[in-house]
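Please read them with the model open.

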Amino acid sequence: MSAGKERFLVTGALGCIGSWVLKTLVAEGTDVVAFDIASHATRLDYVLEADERVAVTFVVGDITDGKAFARVLAEHEVTRIVHLAGLQVPLCAADPVRGALVNVLGTVNVFEAVKAQGDCLGLVYASSAAIYAGGDAPGDGRPVPALAPAQPSTHYGVYKQANEGTARVYWTQDGVPSIGLRPYVVYGVGRDQGLTSDPTKAMLAAALGVPFHIGYGGRSHFQFAPDVASAFIAAARSDHEGAPVLNLRGSVVDMPDVVAAIEAAEASSVGAITFEQTALPFPGEFESGDLEEIIGPVPHTELAHGVAQTIDAFHRLADAGLLDPGTLARRPRAGTGAGSARSSGLSESATAADQSRNFERNHMD
Ligand SMILES: NC(=O)c1ccc[n+]([C@@H]2O[C@H](COP(=O)([O-])OP(=O)(O)OC[C@H]3O[C@@H](n4cnc5c(N)ncnc54)[C@H](O)[C@@H]3O)[C@@H](O)[C@H]2O)c1
């Protein structure tokens, strides 16, 4: 390896967060290898300019193939890894076996490859706020403490929790350091997978002048995709020893606040964006503990600014004829519960288990 040469590898690089990680690294002139099972994703075209894409080395590969992944790591002399490849809640619910293969085995493959290579300087992987279930909240309106025990209620959450255990064991047994970051609701250009992409789809709909119904409500952390990308890059560079897992913070808001931010950014959308009152089957708010102590200052774009920037970007893409209208194709509107009523937690009439069963059943798109 050439001395001092920093080179990132990003798995799941063609996803939403991955695209923003690539953009950020290219902008600062850092070498980056993009590893993804897909060879092309529209979201990459949305986020990176053509001259930014040519600065990236693209490798098509499947994270479930550990040997192939280890070869890529060695061939490209990678020094830092941002591991994002994964299947989200609806895909894990629809195919738990494939979900486990990609999310759990895929993560073990990353750690094995890093252990074998021996000189990778930084590894950060995406866990998720979904390791918590609604019942894990203190119940008195306080945020979930940073180190609270978690009992995930979805396959996806269980797989992410398994990855955190994997990271801990690779540190204690093999001395492989890592950082796990738990995003919650990431929004911004390129966000199009899973139910929590609905707020971003609503921003797209507002830019296109069409109505949109967000399929959930309640309170959660909203995290602007470029900020999340910067946090992952900072974590990969932190040179921290150990295997901490950290909750990412963001704007902690109720869904009406999100709709209001969209309406403020796009006046023609007033009344056209509605939402279900049912909250996600996860707690509304988390503490982030030692996040900044471990990875340094974390950028935070206020919701109003992030939403305005996202809608502006969608306008520019639409004007350039680059928007894929299929992005807004979705399940039919549920008919009840839409409107501006606030829902700041789990429905009191349903248990956390009921909530997550309904969540997985209703959101297989
Ligand atoms: N977006 C969020 O709000 C959010 C919240 C919490 C956690 N996360 C986690 O962050 C990570 C990135 O999220 P995102 O929104 O960018 O996801 P995304 O769905 O937009 O992208 C995931 C990427 O992984 C790739 N991928 C899937 N299977 C693969 C395989 N077998 N081998 C290689 N690549 C594969 C996909 O092609 C895709 O480009 C995921 O692990 C996700 O679970 C995201």
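The points below take the sheet, the helices on it, the ligand and the helix pairs in turn.

1. The model is predicted.

2. An open sheet is built from 7 strands, which follow the order 3-2-1-4-5-6-10 with parallel pairing. Its edges are strand 3 (57-60) and strand 10 (245-247), each of which pairs on one side only. From one strand to the next, the twist averages 20 degrees.

3. Strand 4 (residues 80-83) and strand 5 (residues 122-126) run parallel and are joined by 4 bridges. Arginine 80 has glycine 122 of strand 5 as its bridge partner.

4. Helices on the sheet. Helix 7 (residues 155-174) packs on the sheet and touches strand 5, strand 6 (179-182) and strand 10. The direction of helix 7 makes about 160 degrees with that of strand 6. Helix 6 (residues 96-117) lies across strand 1 (7-11), strand 4 and strand 5. Relative to strand 4, helix 6 runs at about 175 degrees.

5. The ligand. The ligand is surrounded by 28 residues, and the closest are Gly12, Gly15, Gly86, Ala126 and Val186. Two or more residues of this shell come from each of helix 1 (16-27), helix 6 and strand 7 (185-187). Which element gives the largest share of the shell? Helix 1 does, with 3 residues. By class, the shell has 15 nonpolar, 11 polar and 2 charged residues.

6. Helix 1 and helix 9. Helix 1 also packs against helix 9 (residues 225-236): their axes come within 8 Å and cross at roughly 70 degrees. The two helices are therefore roughly perpendicular to each other, and their crossing is right-handed. On the side of helix 1, the contact is made by Cys16, Ile17, Trp20, Val21, Thr24 and Leu25. On the side of helix 9, Ala225, Pro226, Val228, Ala229, Ser230, Phe232 and Ile233 take part. This contact has 11 nonpolar residues, 2 polar ones and no charged ones.

7. Helix 8 and helix 12. The axes of helix 8 (residues 198-208) and helix 12 come within 9 Å, crossing at roughly 55 degrees. That angle makes helix 8 oblique to helix 12. The crossing is right-handed. Helix 8 brings Thr200, Met203, Leu204, Ala206, Ala207 and Leu208 to the contact. These meet Val307, Thr310, Ile311, Phe314, His315 and Ala318 in helix 12. The contact divides into 9 nonpolar and 3 polar residues, with no charged ones.

8. Helix 10 and helix 12. Helix 12 (residues 303-319) packs with helix 10 (residues 255-265) as well, at an angle of about 50 degrees and with the axes 9 Å apart. Helix 10 is thus oblique to helix 12, and passes helix 12 in a right-handed crossing. The residues of helix 10 in this contact are Asp257, Val258, Ala261, Ile262, Ala264 and Ala265. Those of helix 12 are Leu303, Ala304, Val307, Ala308 and Ile311. By class, there are 10 nonpolar residues, no polar ones and 1 charged one.

9. Residues to look at on helix 12. Val307 and Ile311 meet helix 8, and Val307 and Ile311 are also in the contact with helix 10.

How values were computed:
Residues are numbered from 1 along each chain as its sequence is written. This is a predicted model: local features need pLDDT of at least 70, side-chain atom pairs count only at pLDDT 80 or more; totals for chains, interfaces and linings use all residues. Axes are lines fitted to C-alpha atoms, for helices over the stretch in contact, and angles run from 0 to 180 degrees between N-to-C directions. Angles under 35 degrees count as roughly parallel, over 145 as roughly antiparallel, 65 to 115 as roughly perpendicular and the rest as oblique. A crossing is left-handed if the near helix is turned anticlockwise from the far one by less than a right angle, and right-handed if clockwise. Two residues are in contact if their C-beta atoms, placed from the backbone, lie within 7 Å. Ala, Val, Leu, Ile, Met, Phe, Trp, Tyr, Cys and Pro count as nonpolar, Asp, Glu, Lys and Arg as charged, and the others, Gly among them, as polar. Two strands pair if DSSP finds at least two bridges between them. A residue is near a molecule or strand if its C-beta atom, placed from the backbone, lies within 6 Å of it.
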